[in-house]
Amino acid sequence: MPAYSAMELMIACAARALEDGRTVAVGTGVPCAAAMLAQRTHAPRLTILFEAGGVAPQLPTMPISVGDSRTFYRACMATSMADVMETCQRGMIDYTFLGGAQIDAYGNLNSTMIGKDYARPKVRFPGSGGANDLASLCWRILVVTNHDRRRFVEKLDFLTTPGYLTGPGAREAAGLPKGTGPYRVITDLAVMGYDEENKRMQVRSLHPGVTLDQVRAATGFALGVAEPLAVTAAPTADELRILREEVDPHGYVLGRA
């Protein structure tokens, strides 16, 4: 088995979650790397959309921002943020990648602040940007993040982006489209999904060498466990070659490992 980093494993897991013929809204970094890897392996007809307006580019190399000229390279359209968000509103984007400083058991995200006083937070973050729109209107939400108790919390300090809110039926009661919501959380320890009945996060697979006790110790809320609990497949030699030589040869993302 070839050697690989935690970052390479997370990107490979994220890429495998993207199906051929689907659409995905991505930013730069890990989401873009995952989408590029998926296109170069099992999902050649995956359509990538960037928030700044690039639709279905044939990315030659890793862009460094959503407005990078490479996000429009040989694209179907060079449109605008308003058009991409309208595409989400029309129910035409299957997947989106999101992140945040905190995530709870229902997949709600905080990217606004840490602390109890909004006017005087301990830490102020950039806020929603387009995250709330994407989470509200795309069909499936993917999160790729490191796994620790400061990030996986029982209660968010601020609700920036909706997951399943307070549980079953809460998204629909808030006016969000039925059938949308969190799908996968991919970390350096495991791959999580969500229980169909109670909408709480559950462990689907443990990364090689990781125990369930390690995952629970790094999580600030009770995790469910899918049956059967799987072991995450390691990146293949081909996936690693594509990641290192074609997707990110300069180590913009892989260099974070």
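Select α1 first: its buried residues (buried means under 20% relative accessible area, exposed over 50%, partly exposed in between, with a 1.4 Å probe and protein chains only) pack against α2 (30-40), β5 (95-98), β10 (140-144), β11 (181-186), β12 (190-194) and α7. Contact here means heavy atoms within 4.5 Å, while helices (H or I, at least four residues) and strands (E, at least two) are DSSP runs numbered from the N terminus.

A word on what's loaded: this is a predicted model, where local features need pLDDT of at least 70, side-chain atom pairs count only at pLDDT 80 or more, and totals for chains, interfaces and linings use all residues. Residues are numbered from 1 along each chain as its sequence is written, and side-chain values use heavy atoms, with hydrogens and water left out.

**Stay on α1.** Show M7, E8, L9, M10, I11, A12, C13, A14 and A15; these are the buried residues of α1. With 9 of its 11 residues buried, α1 is largely enclosed by the rest of the structure.

Now bring in residues 237-247: the axes of α1 (residues 6-16) and α7 come within 11 Å and cross at roughly 105°. Axes are lines fitted to C-alpha atoms, for helices over the stretch in contact, and angles run from 0 to 180 degrees between N-to-C directions. The two helices are therefore roughly perpendicular (65 to 115 degrees; under 35 is roughly parallel, over 145 roughly antiparallel, the rest oblique). On the α1 side, pick E8, I11, A12 and R16; on the α7 side, E239, L240, L243 and R244 make the contact.

**Hop to β14.** Select residues 224-231 and look for P228 in this strand. The peptide bond from E227 to P228 is cis, with omega near -5°.

In the loop between β10 and α5 (170-173) you'll find L165, a non-glycine residue with a positive phi near 55°. Next, go to the loop between β12 and β13 (201-206) for K199. K199 isn't a glycine either, yet its phi is positive at about 65°. Is K199 buried or exposed? K199 is buried, at a relative accessible area of 19%.

**Zoom out.** The C-alpha atoms fill a box of roughly 45 × 45 × 35 Å along the principal axes. Buried residues make up 51% of the 257 residues.
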